[in-house]
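Hi everyone, thanks for coming along. I'd like to walk you through a structure that may be new to you, so please have a look at it first.

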Amino acid sequence: MLAFSGSALARVQRSTSSARPVAHQAGGCGPAHLIPTRRNIVFFAHITFCLINRQRTSHGLRPLRESAALDRSARSHSVSMVAHGYFSHNSLDGGSPFQRMAQFGYPGRGRACALGENIAAGVRSSGTPAAIVSMWMHSPEHRANILNGAYRDTGMGVAYGFPGIRNVRGATFTQDFGRRC
């Protein structure tokens, strides 16, 4: 979990496409228990985004809005972690998530009042959207990001694979959070 509020940077905590799937499982979020494959990974970002918003609304918070800039930031980070075999909020070049979000155009012409990030990776049944959201909700730091009422925007990026392990049915997730001032 990584969070930023105002000008203070909180501690970094490691955690273990726009395709729209048919909404027939997981309370309208789609098949949330899919084991990751190269073919179905395109659905994972949407399903996970939906599950996160379900958590927020069940706790009396408004749902997050999808941000194309945050989607691109999150997706690029997940792809990079899998391709280069690392698991960290910071990019290989040392860039922070906040620098990455700005590079991809968030918050745009204004400034950000709040930024944060959750990352996770899992294989087989621990790499499903439902398993990742459950893991995040059982981790105090990740849960705090998901249930932070200051956030209004989010981007979700999911890449097929697990950082540092080849030929495994896994998924690597990045969720970026933000609010424009």
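**A short tour, starting from a loop**

Let's begin with Asn-167, which is exposed, with a relative accessible area of 82%. One thing to keep in mind as we go is that this is a predicted model. Asn-167 sits in the loop that joins S5 and S6. It also has a positive phi of about 55°, although Asn-167 is not a glycine. As background, most residues other than glycine have a negative phi.

The next residue to look at is Val-168, in the loop between strand S5 (153-160) and strand S6 (170-180). Which residues does Val-168 touch, not counting those up to four places away in sequence? They are Val-123, Tyr-160, Gly-161 and Phe-162. There is also a C-alpha distance to point out here: Val-168 and Gly-122 are 46 residues apart along the chain, and their C-alpha atoms are separated by 9.8 Å.

Let's stay with backbone angles for a moment. Arg-124, in the loop between S4 and H4, is another residue that is not a glycine and yet has a positive phi, of about 45°. Now please find Pro-107, which lies in the loop between helix H3 (97-103) and strand S4 (112-123). The peptide bond leading from Tyr-106 to Pro-107 is cis, with omega near 15°. Again as background, most peptide bonds are trans.

Now to the helices. Helix H1 covers residues 44-58, 15 residues in total. From its first C-alpha to its last, H1 reaches 21 Å, close to the 21 Å expected at 1.5 Å a residue. Is H1 largely enclosed or open, and why? Of its 15 residues, 11 are buried, so H1 is largely enclosed by the rest of the structure. Among those buried residues are Phe-44, His-46, Cys-50, Asn-53 and Arg-56. What covers them includes strand S3 (65-66), helix H4 (129-137), helix H5 (140-146), S5 and S6. Just after H1 comes Gly-60, with a positive phi of about 80°.

In helix H2 (residues 68-84), I'd like you to find Asp-71. Asp-71 is buried, with a relative accessible area of 15%. Leaving aside neighbours within four places in sequence, Asp-71 is in contact with Glu-66, Thr-154, Gly-155 and Met-156.

Last stop: the aromatic rings. How many aromatic pairs are there? The count comes to 2. In one, the rings of Phe-44 and Phe-173 have their centres 6.4 Å apart and their planes at 35°, so this pair is tilted. It links distant parts of the chain, with Phe-44 in helix H1 and Phe-173 in strand S6, 129 residues apart. Both Phe-44 and Phe-173 are buried.

In the other pair, the ring centres of Tyr-151 and Phe-177 are 5.1 Å apart and the planes are at 25°, so this pair is stacked. Tyr-151 is in the loop between H5 and S5 while Phe-177 is in strand S6, so the pair ties together parts that are 26 residues apart in sequence. Tyr-151 is buried, and so is Phe-177.

Technical notes: Residues are numbered from 1 along each chain as its sequence is written. This is a predicted model: local features need pLDDT of at least 70, side-chain atom pairs count only at pLDDT 80 or more; totals for chains, interfaces and linings use all residues. Side-chain values use heavy atoms; hydrogens and water are left out. Helices (H or I, at least four residues) and strands (E, at least two) are DSSP runs, numbered from the N terminus. Contact means heavy atoms within 4.5 Å. The expected span of a helix is 1.5 Å times one less than its number of residues. Buried means under 20% relative accessible area, exposed over 50%, partly exposed in between (1.4 Å probe, protein chains only). Rings of Phe, Tyr and Trp (its six-membered ring) pair if their centres lie within 6.5 Å; planes under 30 degrees apart count as stacked, over 60 as edge-to-face and the rest as tilted.
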